[in-house]
Amino acid sequence: MTAPAVQHPRSQRKPRGEGHARRAEILAAAERIFVEHGYEGATIRKIADEVGLSSTALYMHFAEKGEILQEICRQAFTTLMEANDEVMAGPSDPEARLRRMLRAYIAFGFANPNAYRLVYMTRPVELRDGPQSAARELGQELFRSFETVVEEAAEAGRLRGEAATTAQALWAGAHGVVSLVITKPYFDWVARETLVDTLLDGLFAGLLKP
């Protein structure tokens, strides 16, 4: 449902013209630099050097680093929306859909830790105080699609509490396991599949009626 993240080794400077097709590589490099140096500490020069481009060549793809950040967020939300759409298209009851949505969300976070940190674990001023962007609208749409399935479970009499509270609690649980695993890789975690299964079983046993 979501492809594993591709590791991008540091590139050597490209001959003139060759680097102009490096938009995806620019985004991958920016993810690493934003996480390593913080958004405020990242510069167009650092990103360009990481990719092996001149700053001038990079500006042909993105006008400034805020645009790069917005594109990283937009791509992340688009990927998750596509996963949700696939789940919604399949014939299954609300609980099964919720589990599959949460699994897709968790899988995305594990496979794309840098993008996940930027989208869900940092608050650059451009995302916090900026105008309503396409990326932010996609994020709201993503959560709304999840909340809709929780409301379906409520209509079927499956929830112990209110739909809005349940949706947020389920999301918080999924976010918790992703954020801990990607920020504490040195911890002696059990197998990820076992951890995720146990978490979801616990959440659903507590929040949904049998």
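A crossing of two helices is right-handed if the near helix is turned clockwise from the far one by less than a right angle. In this predicted model, the crossing of helix 1 and helix 2 is of the right-handed kind. Glu25, Ile26, Ala29, Ala30, Arg32, Ile33, Phe34 and His37 of helix 1 make the contact with Lys46, Ile47, Glu50 and Val51 of helix 2. Sorted by class, this contact has seven nonpolar, one polar and four charged residues.

Two packed helices are described by the angle between their axes and the distance between the axes. Helix 1 spans residues 23-37 and helix 2 spans residues 44-51; they pack at an angle of about 125 degrees, and their axes are 9 Å apart. Helix 1 and helix 2 are therefore oblique to each other.

Nine aromatic pairs are found in a search of the whole structure. Tyr105 and Tyr116 form an edge-to-face pair, with 5.7 Å centre to centre and 80 degrees between the planes. Because Tyr105 lies in helix 5 (residues 94-111) and Tyr116 in helix 6 (residues 113-121), the pair ties together parts that are 11 residues apart in sequence. Tyr105 has a relative accessible area of 8% and is therefore buried; Tyr116, at 1% relative accessibility, also counts as buried.

Tyr105 forms an edge-to-face pair with Tyr120 as well, at 5.4 Å centre to centre and 65 degrees between the planes. Tyr120 lies in helix 6 and Tyr105 in helix 5, so this pair ties together parts that are 15 residues apart in sequence. Tyr105, Tyr116 and Tyr120 belong to one aromatic cluster with Phe77, Phe143, Phe146 and Trp171.

Conventions
Residues are numbered from 1 along each chain as its sequence is written. This is a predicted model: local features need pLDDT of at least 70, side-chain atom pairs count only at pLDDT 80 or more; totals for chains, interfaces and linings use all residues. Side-chain values use heavy atoms; hydrogens and water are left out. Axes are lines fitted to C-alpha atoms, for helices over the stretch in contact, and angles run from 0 to 180 degrees between N-to-C directions. Helices (H or I, at least four residues) and strands (E, at least two) are DSSP runs, numbered from the N terminus. Angles under 35 degrees count as roughly parallel, over 145 as roughly antiparallel, 65 to 115 as roughly perpendicular and the rest as oblique. Contact means heavy atoms within 4.5 Å. Ala, Val, Leu, Ile, Met, Phe, Trp, Tyr, Cys and Pro count as nonpolar, Asp, Glu, Lys and Arg as charged, and the others, Gly among them, as polar. Rings of Phe, Tyr and Trp (its six-membered ring) pair if their centres lie within 6.5 Å; planes under 30 degrees apart count as stacked, over 60 as edge-to-face and the rest as tilted. Buried means under 20% relative accessible area, exposed over 50%, partly exposed in between (1.4 Å probe, protein chains only).
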